[in-house]
Amino acid sequence: MRIELVDDHRVVRDGIRYMLSDEEEIEIIADVGSGTELFELLEAEPVDAVLLDVRMPDMSGFDVLEQMRGEIPQVRVIMLSMHDAPGYVRRAVELGAAGYLLKNASRSELLAALRSVSDGGAYIQTDLANPLVAELAGIGDSARSLSPREQQVLQLVAHGYENKQIASELAISDATVKTYLRGIFGTLEVTGRAEAVAVGLRRGLIE
């Protein structure tokens with residue numbers, strides 16, 4: 001299995017190289033620190049899979065994943081992240097990731113993920129799988145109730161209101177709107193407005 005490592009921290013890339021150094025069936029073709037470098041290398045050096053950081057300086061891992069799905073869908077991607085919120089895992093899967101691991105994953109879990117993906121399967125780190133299933137079912141911790149004011153804000157977001165319009169409608173400041181949005185995103189465990197609306201609709205929080 002030929003893989004490429006993409007992470008903007010050299011120490012992470014070195015650590016993964018060390019963890020996989022004794023595995024004869026796994027060949028690390030190269031490791032790079034950005035999405036731009038990845039695409040340059042993939043043009044010259046085909047690989048089977050990519051271990052991809054979620055947060056990088058030039059392109060986010062999600063942006064890279066989306067572009068890869070359109071240009072080189074045959075390359076399997078395992079996301080690496082510090083973020084364990086189900087919203088991050090769900091977004092990665094929706095964009096076509098074959099796996100999702102936290103950066104604190106053990107060597108055995110990393111190998112399990114690579115082998116599963118190599119065989120055409122998928123792999124989500126063990127302690128992330130149950131929260132994701134619960135979140136998708138609307139019964140996990142992320143199903144905590146929004147406050148009445150947060151529901152008002154989410155309702156307006158669903159109707160296409162921008163922050164300034166929400167502030168005017170509810171007679172509050174722009175800063176207060178941002179505070180409510182952060183609370184909504186945290187409670188629903190999402191990363192943006194579109195995801196918040198999608199989850200809100202599914203859970204009956206939006207009329």
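User: How many bridges join β1 to β3, and do they run parallel or antiparallel?
Analyst: Strand β1 is joined to strand β3 (residues 49-53) by 4 bridges, and the two run parallel; strands here are DSSP runs of E with at least two residues, helices are runs of H or I with at least four, both numbered from the N terminus, and two strands pair if DSSP finds at least two bridges between them. Ile3 stands opposite Ala49 in β3. This is a predicted model, in which local features need pLDDT of at least 70 and side-chain atom pairs count only at pLDDT 80 or more, while totals for chains, interfaces and linings use all residues. Residues are numbered from 1 along each chain as its sequence is written, and side-chain values use heavy atoms, leaving out hydrogens and water.

User: And what does β1 do with β2?
Analyst: Strand β2 (residues 27-32) pairs with β1 in the parallel sense over 5 bridges, with Glu4 opposite Ala30 in β2. Between β1 and β2 the chain passes through helix α1 (residues 10-20), and this β-α-β crossover is right-handed, meaning that, with the strands pointing away from the viewer, the path from the first strand over the helix to the second runs clockwise.

User: Is β1 mostly covered or open?
Analyst: Mostly covered, since 4 of the 5 residues of β1 (residues 2-6) are buried, that is, under 20% relative accessible area with a 1.4 Å probe, protein chains only.

User: Switching topic, how do α9 and α10 pack?
Analyst: Helix α9 (residues 174-188) and helix α10 pack at an angle of about 55 degrees, with axes 10 Å apart. That makes α9 oblique to α10, a class left over once angles under 35 degrees (roughly parallel), over 145 (roughly antiparallel) and 65 to 115 (roughly perpendicular) are set aside.

User: Which residues make the contact?
Analyst: From α9 they are Leu181, Ile184, Phe185 and Leu188, and from α10 Arg193, Ala196 and Val199.

Notes
Buried < 20%, exposed > 50% of the residue type's maximum accessible area, 1.4 Å probe, protein only. Axes fitted to C-alpha atoms, helices over the stretch in contact; angles between N-to-C directions. Contact = heavy atoms within 4.5 Å.
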